[in-house]
Amino acid sequence: MSLPDAVHHEVTRAPGSVGTARRAARRVLTGWSITGDRLDDALLIVSELVTNALVHGGTGPVGLILREVRGCLTVAVRDCGPSTSTLIPCPQSAAAESGRGLDIVARLARQCGACSTPRSTTVWARL
């Protein structure tokens with residue numbers, strides 16, 4: 001997925017990576033005058049997608065991509081996993097401690113989806 005005029009941030013695989021990605025996204029989004037609930041929703045989406053990429057996306061780098069055009073904000077995360085099989089939200093019991101991330105993303109976004117190549121998967125959400 002090539003997005004012109006997008007901001008790219010590489011997420012390292014280290015403790016605190018998700019928080020670092022959120023802080024980087026916050027700086028960019030507030031610079032674009034995105035505030036309030038929209039900012040909160042975007043940062044939650046960043047957290048969920050980066051977490052999924054770090055857990056399910058192979059061992060290579062994870063890229064965070066942010067783009068805003070005419071009021072449409074896109075958050076995308078690219079990982080080194082070749083399959084979209086982990087992108088289908090699975091029903092979880094109320095007692096489950098994980099597995100709700102993609103459902104949260106789908107509920108917050110106007111649109112969301114994924115594209116996959118043999119070398120990477122990109123999951124995106126539009127607000």
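How many residues does helix H2 have, and how far does H2 reach from its first C-alpha to its last? Helix H2 (residues 36-56) has 21 residues and spans 30 Å between its first and last C-alpha, close to the 30 Å expected at 1.5 Å a residue; the expected span of a helix is 1.5 Å times one less than its number of residues. The structure is a predicted model, in which local features need pLDDT of at least 70 and side-chain atom pairs count only at pLDDT 80 or more, while totals for chains, interfaces and linings use all residues. Residues are numbered from 1 along each chain as its sequence is written, and side-chain values use heavy atoms, with hydrogens and water left out.

The protein chain contains 3 helices and 5 strands. Helices (H or I, at least four residues) and strands (E, at least two) are DSSP runs, numbered from the N terminus. Along the sequence the elements follow the pattern β-α-α-β-β-α-β-β. Of the 127 residues of the protein chain, 37% count as buried; buried means under 20% relative accessible area, exposed over 50%, and partly exposed in between (1.4 Å probe, protein chains only). Among contacts in the protein chain with a separation of 6 or more, 63% are made by residues 24 or more positions apart, a contact being heavy atoms within 4.5 Å.

The strand pairings were assigned next, two strands being paired if DSSP finds at least two bridges between them. Strand S1 (residues 7-11) runs antiparallel to strand S2 (residues 62-69), and 5 bridges join them. Within this pairing, Val 7 stands opposite Leu 66 of S2. Leu 66 also stands opposite Val 75 in S3. S2 and strand S3 (residues 72-79) are antiparallel and share 7 bridges. His 8 is likewise placed in S1. The C-alpha atoms of His 8 and Leu 66 are 6.6 Å apart in space, although the two residues are 58 residues apart in sequence. His 8 counts as exposed, because its relative accessibility is 52%.

S3 pairs with S5 as well, in the antiparallel sense over 6 bridges. The bridge partner of Arg 78 in S5 is Thr 122. Strand S4 (residues 111-116) and S5 are also antiparallel, again with 6 bridges, and Cys 112 stands opposite Ala 125 of S5 in the structure. A hairpin of 4 residues connects S4 to S5. Of the 6 residues of S5, 5 are buried, so this strand is largely enclosed by the rest of the structure. In a regular strand the side chains alternate between the two faces of the sheet.

Helix H2 contributes a series of buried residues, including Leu 39, Leu 43, Val 46, Val 50 and Ala 53. Ser 47 and Glu 48 of H2 are buried too. An α-helix has 3.6 residues a turn, so residues three or four places apart point the same way. The buried residues of H2 pack against S1, S2, S3 and strand S5 (121-126), and also against helix H1 (17-31) and helix H3 (101-108). H2 is followed by Gly 58, which has a positive phi near 80°.

Positive phi values also occur in the loops. Most residues other than glycine have a negative phi, and most peptide bonds are trans. Ser 33, in the loop between H1 and H2, has a positive phi near 65°. With a relative accessibility of 61%, Ser 33 counts as exposed. S2 and S3 form a hairpin with 2 residues between them, and Arg 70 in that turn has a positive phi of about 45°. Arg 70 counts as exposed because its relative accessibility is 81%.

Side-chain pairs were searched for over the whole structure. The search finds 0 disulfides, a disulfide being a pair of cysteine sulfur atoms within 2.5 Å. Cys 80 counts as partly exposed at 30% relative accessibility, and Cys 112 is partly exposed with a relative accessible area of 38%. The search finds 0 aromatic pairs; rings of Phe, Tyr and Trp (its six-membered ring) pair if their centres lie within 6.5 Å, with planes under 30 degrees apart counted as stacked, over 60 as edge-to-face and the rest as tilted. Arg 126 lies over the face of Trp 124, at 4.4 Å from the ring centre. A charge sits over a ring if NZ of Lys or CZ of Arg is within 6 Å of the ring centre and within 35 degrees of the ring normal.
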